[in-house]
Amino acid sequence: MRTGTIPRVLGTAAALAALLTTALAAPAVAERSATPDRAPVEAAAPANFTHPGVLVSRPQLDFVRGRVQAGAQPWKSAYDQMMGSKYASLTRTAKPRAVVECGSYSNPNNGCTDEREDAIAAYTLSLAWYITQDSRYAQKAIQIMDAWSAVIKDHTNSNAPLQTGWAGSSWPRAAEIIKYTYSSWPGSGRFGTMLRDVYLPEVTNGSHSNGNWELSMTEAAIGIAVFLEDRAAYDKAVGKFRGRVPAYIYVTADGSLPKVAPGSGLDTRAKVINYWQGQSTFMDGLSQETCRDLTHTGYGLSAISHIAETSRIQGQDLYPEIADRLRHAMGLHAKHQLGAPVPSSLCGGSLKDSLGPVTEVGFNALANRLGYAMTNTQTLTERQRPAGSNNLFVAWETLTHANNPA
């Protein structure tokens, strides 16, 4: 669901037509107090892209390197955790495939884990390069990225969009750091071609599956757009983001039912409730996947934070647009993960699993930069430090974003 906005430049006739349409249109469902808004059409892409600029910027990386060199916590322990992981290994051998086939829950798993973990390894090694300035890490990251860009042609089976979103979120982070901070990467053009031809077409049009799918796909799309300096792809990704976030996190201002994403087909109360895992009582911060489990909810919240962080680095901060939803969502789920009783009105009084290592980016942006009080989120974030990797698309965010002012 997009938050409707009027484009910056709109002719008088078009404006009157838009107002008349809004005034005369009847809601599709009698019970609904909120209906899908129009997609905003103003450009979002920067005139000049900032590099490195996917999830982490050069000033952020400089801050991290300084903290690690000073032995300061929590960055030093987070760095040690990363460097001790399999992803930082200088003996890693990439396992590229021409076709990565991923069924539901990665069954079959023909290259799914290999691709995701090689992408995380490339990102890990790029961080190791920047912090240590040891060229061996940059060269290993390049070796992994070149191995995949020389081989991969397609993703297939039912989980292909999500798999492409996960791997496609990590690849641009690594590529941005290497291309713009290391001396030479002759294969960067071929890597960009891989992102454009193999990854972007799979993720750019989004998904009407559970919301974490489209959010992860959109994260990949915006990161790829930055690396390619593709303004149209960037604008499209921001449009998807603006449509999906209000349809993923409920706030009471939405009315009696959650908003819905454009084109979702959720045009009755029963369909909406079914899509929200059977939940019919709505509260600030509830996610479309809360009653599924906290882990998938964490995927969605993480992708939201990542997209907003990349947009902030690129000069158009999306956090203020989604801050109220994201802070409520992080707070609600953190509170119950910390042990607060779950009321019977919330998922029948029971929540499953945990959010995972996903709160650092959003917490730093909302609490430290924007000044929101987020006691429960802060407690959970600090308790989970150093945050590691979920082995899908999240990695080392205590290191990169804990109290990072840049």
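## A hairpin and its neighbours

Strand 3 and strand 4 make a hairpin in which 6 residues separate them, and Tyr 105 in the turn has a positive phi of about 55°. This description, like the rest of the report, rests on a predicted model. The two strands, with strand 4 covering residues 109–110, run antiparallel and are joined by 2 bridges. In this arrangement Cys 102 stands opposite Asn 109 of strand 4.

Strand 3 also pairs with strand 5 (residues 154–156), here in the parallel sense and over 3 bridges. Within that pairing, Val 100 has His 155 in strand 5 as its bridge partner. In a regular strand the side chains alternate between the two faces of the sheet. Which residues of strand 3 are on the covered face, and which on the uncovered one? Val 100 and Cys 102 make up the covered face, while Val 99 and Glu 101 make up the uncovered face.

The angle about the S-S bond is -125°, and the link of Cys 102 and Cys 112 is left-handed.

Are the two cysteines buried or exposed? Cys 102 has a relative accessible area of 1%, so it is buried. Cys 112 counts as buried because its relative accessibility is 0%. The cut-off that applies to both is under 20% relative accessible area.

The link of Cys 291 and Cys 347 is left-handed, with -80° about the S-S bond.

Cys 291 counts as partly exposed, at 22% relative accessibility, whereas Cys 347 counts as buried, at 16%. When the bonded cysteines are counted along the chain, the disulfides follow the pattern 1-2, 3-4.

## Helix 13 and what covers it

Helix 13 spans residues 360–369 and is mostly covered, with 8 of its 10 residues buried. Which residues of helix 13 are buried? They are Glu 360, Val 361, Gly 362, Phe 363, Asn 364, Ala 365, Leu 366 and Ala 367.

The cover over these buried residues includes helix 11 (294–313), helix 12 (319–337), helix 14 (375–383) and helix 15 (397–401). After helix 13 comes Gly 371, which has a positive phi near 85°.

## Salt bridges

Side chains of opposite charge can pair when their charged atoms come close. The whole structure holds 16 salt bridges. One of them joins Glu 219 to Arg 173, with the closest N and O atoms 2.7 Å apart. This pair links distant parts of the chain, Glu 219 being in helix 8 (residues 211–228) and Arg 173 in helix 6 (residues 160–181), 46 residues apart. Both Glu 219 and Arg 173 are buried.

Another salt bridge is formed by Arg 196 and Asp 230, where the closest N and O atoms are 3.0 Å apart. Arg 196 is in helix 7 (residues 188–203) and Asp 230 is in the loop between helix 8 and helix 9 (231–248), 34 residues apart. Arg 196 is partly exposed, with a relative accessible area of 37%, while Asp 230 is buried, at 16%.

Arg 242 and Glu 321 form a salt bridge whose closest N and O atoms are 2.6 Å apart. Because Arg 242 lies in helix 9 and Glu 321 in helix 12, the pair ties together parts that are 79 residues apart in sequence. Arg 242 counts as buried at 10% relative accessibility, and Glu 321 is partly exposed with a relative accessible area of 42%.

Which residues are linked in a network of salt bridges? Glu 309, Arg 312 and Arg 369 are linked in this way.

Methods:
Residues numbered from 1 in each chain as written. Predicted model: local features only at pLDDT ≥ 70, side-chain atom pairs only at ≥ 80, totals over all residues. Heavy atoms only, no water. Buried < 20%, exposed > 50% of the residue type's maximum accessible area, 1.4 Å probe, protein only. Helix = DSSP H or I, 4+ residues; strand = E, 2+ residues; numbered from the N terminus. Contact = heavy atoms within 4.5 Å. Disulfide = S-S within 2.5 Å. Pairing = 2+ DSSP bridges. Salt bridge = Lys/Arg side-chain N within 4 Å of Asp/Glu carboxyl O.
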